[in-house]
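Hi everyone, thanks for coming. Please have a look at the structure on the screen, and then I'll walk you through a few parts of it.

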Amino acid sequence: MTEVTTPLASFDAVKGFLTANAVNYGLSFIQAVLILLIGFWIAARLGNFVRKTLGRSPNFDATLKPLLASIVQWSIRIITVIAVLAQFGVQTASIIAVLGAAGLAIGLALQGTLQNIAAGTMLLLLRPFRIGDYITAGSAVAGTVEEIGLFTTTLTNADGIYVCVPNSQIWGQPVTNYSRNATRRMEITVGIALDDDLDAAMNALRERVVQDDRVIDKPAPEIMVKQVSDSSVIVNVRVWSLLSNYWGLYWDLQRSVKETVEGVGCSLPYPTRTVVQIPADMPR
């Protein structure tokens with residue numbers, strides 16, 4: 001005997017199937033949302049914990065602290081996303097395949113971003129500068145390094161202005177680090193008149209720099225004639241100092257060289273010009 005299925009029975013079966021699956025998928029959706037929220041919360045907490053823990057360690061390189069915190073945070077976020085996809089029955093192999101395809105597509109679309117990551121990695125490995133160093137990179141980037149990230153490097157310039165630079169712009173330029181070496185040389189020039197006592201001026205300048213405790217002995221200070229011009233003799237003063245004393249010594253010497261040469265009877269020359277007046281009755 002053949003069983004006849006009525007339209008009402010088919011509707012009830014479909015309704016039951018949809019109800020059961022709606023409950024299952026609803027529970028999976030709620031679980032996925034909870035996993036996502038909890039996972040991202042844990043990632044933020046652990047990232048801050050790593051950053052604070054490393055910040056209390058004086059022996060740990062400050063350059064790597066933000067990088068390690070970012071790695072921990074993003075690793076947990078990726079694991080969280082995989083766990084969320086698993087709630088909907090997505091297999092691990094499928095997830096890896098999807099991530100690989102997505103990574104390829106994103107890599108092609110964001111080539112500049114990947115260049116920044118590669119440049120940031122090279123900056124962290126080769127260490128041309130560290131946190132707190134004053135650097136210039138090319139003609140557009142200058143400032144004290146605050147943080148080196150995977151994508152950008154943040155600096156504070158001499159005016160106290162925040163600067164955020166993509167890593168690729170720094171890595172692709174010659175980097176000058178003014179804070180790397182412990183000592184630094186400065187050059188100061190002063191002009192004296194042609195008829196002044198040159199030896200007296202040079203001896204006075206030598207005595208001035210030798211008496212300053214901020215001037216180091218090795219390399220020894222140098223006082224030399226740099227140029228003889230039409231109206232003056234240019235004397236060059238070269239001294240070395242510790243990096244911490246550089247600017248204070250530089251400004252003090254800039255002011256004191258004038259007083260030093262004037263103290264031994266020398267004068268600072270001014271450009272002069274001789275004007276010859278032609279008599280009106282002279283034939284031209």
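Before we start, one term: a contact here means heavy atoms within 4.5 Å. What we are looking at is a predicted model, in which local features need pLDDT of at least 70, side-chain atom pairs count only at pLDDT 80 or more, and totals for chains, interfaces and linings use all residues. Residues are numbered from 1 along each chain as its sequence is written, and side-chain values use heavy atoms, with hydrogens and water left out.

Let's begin with helix α6. Helices are DSSP runs of H or I with at least four residues, strands are runs of E with at least two, and both are numbered from the N terminus. α6 has 14 residues and reaches 20 Å from its first C-alpha to its last, close to the 20 Å expected; that expected span is 1.5 Å times one less than the number of residues.

Which residues of α6 are buried? They are Ala201, Met202, Ala204, Leu205 and Val209, where buried means under 20% relative accessible area, exposed over 50%, and partly exposed in between, using a 1.4 Å probe and protein chains only. These residues sit on the same side of α6 because they cover an arc of only 160° around the axis, taken from the directions from the helix axis to the C-beta atoms. On the other side of α6, Asp199, Val210 and Gln211 are exposed. And what covers the buried residues? The cover includes β6, β7 (222-228), β8 and α7.

That brings us to the nonpolar cores. A core is a set of buried Ala, Val, Leu, Ile, Met, Phe, Trp, Tyr and Cys residues joined through side-chain atoms within 4.5 Å. The largest one has 21 residues, and Met186, Leu205 and Val239 have the most contacts inside it. At least two residues each come from β6 (183-193), α6 (198-211), β8 (232-242) and α7 (246-263). α7 gives the most to this core, with six residues. Another core, of twelve residues, lies apart from it, with Leu67, Leu123, Ile148 and Ile170 among its members.
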